[in-house]
Every structure is written in structure tokens, then in C-alpha cells.
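Open the model in your viewer and keep the selection tool at hand. Each stop says what to select and what is there.

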Amino acid sequence: MMASSSSYSNSPCAACKFLRRKCMPDCIFAPYFPPEEPQKFANVHKIFGASNVSKILNEVQPYQREDAVNSLAYEAEARIKDPVYGCVGAISVLQRQVLKLQKELDATNADLIRYSTCSEMPNSSSSSAHHHGGRSKMSSDDGGGGGGGSGLSFYYSSANWNNDHSENGYPRGDI
């Protein structure tokens with residue numbers, strides 16, 4: 001019985017079909033480039049060349065070959081989309097998104113700390129419990145949902161909520 005996946009369909013693997021050669025039973029490409037995925041090999045061949053891919057597959061352990069092919073296919077597709085940076089460009093975009101989200105998280109955590117320290121302010125009279133210097137108090141007592149029944153409360157100023165955001169609702173700055 002043939003070891004390649006193309007043996008079941010009696011058609012050559014995508015690599016052999018692309019290279020217009022006979023797909024042999026011991027074809028190194030057949031398990032990783034099935035006939036139904038011709039573009040996968042075409043991309044890898046365009047960027048790395050069939051000879052280099054064959055060398056790579058022969059140099060790595062059999063259990064590592066699928067991961068190697070997946071990496072080559074990913075990099076080839078990325079290089080076709082972005083010839084200069086390839087997958088490094090995609091990684092760079094993702095890193096910038098992570099930094100932006102980390103800054104947003106840090107700002108939100110700072111707001112939470114600021115709001116929690118405001119909630120620890122002593123209430124001197126019942127009138128200041130619901131109005132204090134232009135700020136409204138939300139607590140679990142008045143249905144505001146601030147503490148979930150734990151007695152925690154916090155102050156917020158509705159006038160300042162969107163001051164740090166641009167017209168599109170996203171934070172301003174070069175994040």
C-alpha cells in the first residue's frame with residue numbers, strides 16, 4: 001500500500017501535479033500537499049522553491065514535517081500578501097494591537113482605582129450621599145448597581161466620561 005495521501009484518489013499530490021511529474025509512493029510532498037490544495041504548494045514553491053522544501057522536509061524528523069509545512073505555507077502566503085515583511089509584518093501589527101490594548105487596560109485599571117478611592121470617602125450628611133460637588137453617587141443602596149449588595153459605592157462624573165476620546169469613540173493619542 002502506498003504511503004502518500006494521493007494513493008487513495010489515484011491522483012498525484014499537489015506538488016507533483018504542479019511540477020508535472022509522476023507522484024511516486026515515497027513522495028516526500030504527498031502527505032502534506034494533497035491534490036485538493038494546489039494553491040498551498042504553488043505558494044510555497046513560489047517563495048521557497050521545490051528543491052528547498054524537499055531539503056527541509058528531509059532534514060526534519062517525520063513528526064515535525066507537518067508543522068514545518070504549515071509554517072512554510074503560512075510564511076509563503078504572508079510573503080505573497082506582503083513581499084517586504086511577510087509574517088513579520090503581521091506579527092508587528094498584532095504587537096501594536098497588544099500594546100494599544102494594554103494601554104487601554106492600564107487606563108481602565110487606573111480609573112477603577114480612582115473610582116474605588118472615591119468610594120472610600122466618608123459621607124458627612126445624607127444630602128451629600130446623593131450629590132457631592134457635581135458628582136452622582138452610585139451604590140447598591142440606591143439601585144445604581146455599584147456594589148452588588150456589598151455596600152460599596154463609587155462616584156462618577158458624567159461630564160468627564162468621554163473627554164479622553166476622539167470623535168470616533170477611541171482613545172486619543174498615538175497608541
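The tour goes from the whole chain to single residue pairs.

**Before you start**

This is a predicted model, so local features need pLDDT of at least 70 and side-chain atom pairs count only at pLDDT 80 or more, while totals for chains, interfaces and linings use all residues. Residues are numbered from 1 along each chain as its sequence is written, and side-chain values use heavy atoms, with hydrogens and water left out.

**Stop 1: the whole protein**

Colour by secondary structure. The protein has 5 helices and 3 strands. From the N terminus, the order is α-α-α-α-α-β-β-β. Helices (H or I, at least four residues) and strands (E, at least two) are DSSP runs, numbered from the N terminus.

Now show the surface. The accessible surface comes to about 12200 Å², and carbon and sulfur atoms hold 54% of that. Areas come from the Shrake-Rupley method with a 1.4 Å probe; for residues, only the protein chains shown count as cover.

Of the 175 residues, 26% are buried. Buried means under 20% relative accessible area, exposed over 50%, and partly exposed in between (1.4 Å probe, protein chains only).

Turn to contacts, meaning heavy atoms within 4.5 Å. Among contacts with a separation of 6 or more, 37% join residues 24 or more positions apart.

**Stop 2: helix 2**

Select residues 38-48, which form helix 2. Its buried residues are Phe41, Ala42, Asn43 and Val44. Their cover includes helix 1 (14-19), helix 3 (50-59) and helix 4 (62-81). Step on to Gly49, which follows helix 2 and has a positive phi, near 85°.

**Stop 3: helix 2 against helix 3**

The axes of helix 2 and helix 3 come within 7 Å and cross at roughly 100°. Axes are lines fitted to C-alpha atoms, for helices over the stretch in contact, and angles run from 0 to 180 degrees between N-to-C directions. The two helices are therefore roughly perpendicular to each other. Angles under 35 degrees count as roughly parallel, over 145 as roughly antiparallel, 65 to 115 as roughly perpendicular and the rest as oblique.

Which residues of helix 2 and helix 3 make the contact? Helix 2 brings Phe41, Val44, His45 and Phe48, and helix 3 brings Ala50, Asn52 and Val53. By class, this contact has 5 nonpolar, 2 polar and no charged residues. Ala, Val, Leu, Ile, Met, Phe, Trp, Tyr, Cys and Pro count as nonpolar, Asp, Glu, Lys and Arg as charged, and the others, Gly among them, as polar.

**Stop 4: salt bridges**

The whole structure has 5 salt bridges. Each is a side-chain nitrogen of Lys or Arg within 4 Å of a carboxyl oxygen of Asp or Glu. Visit these:

- Lys40 and Glu37: the closest N and O atoms are 3.9 Å apart. Glu37 is partly exposed at 35%.
- Arg79 and Glu75: 2.9 Å, N to O. They sit 4 residues apart in helix 4, about one helical turn. Arg79 is partly exposed at 27%, whereas Glu75 is buried at 16%.
- Glu104 and Lys100: 2.9 Å, N to O. Both lie in helix 5 (residues 87-119), 4 residues apart. Glu104 is partly exposed at 25%, and Lys100 at 26%.

**Stop 5: Cys87**

Finish at Cys87, in helix 5. Is Cys87 buried or exposed? Cys87 counts as buried, at 16% relative accessibility. Leaving out residues up to four places away in sequence, Cys87 touches Tyr74, Glu75 and Ala78.
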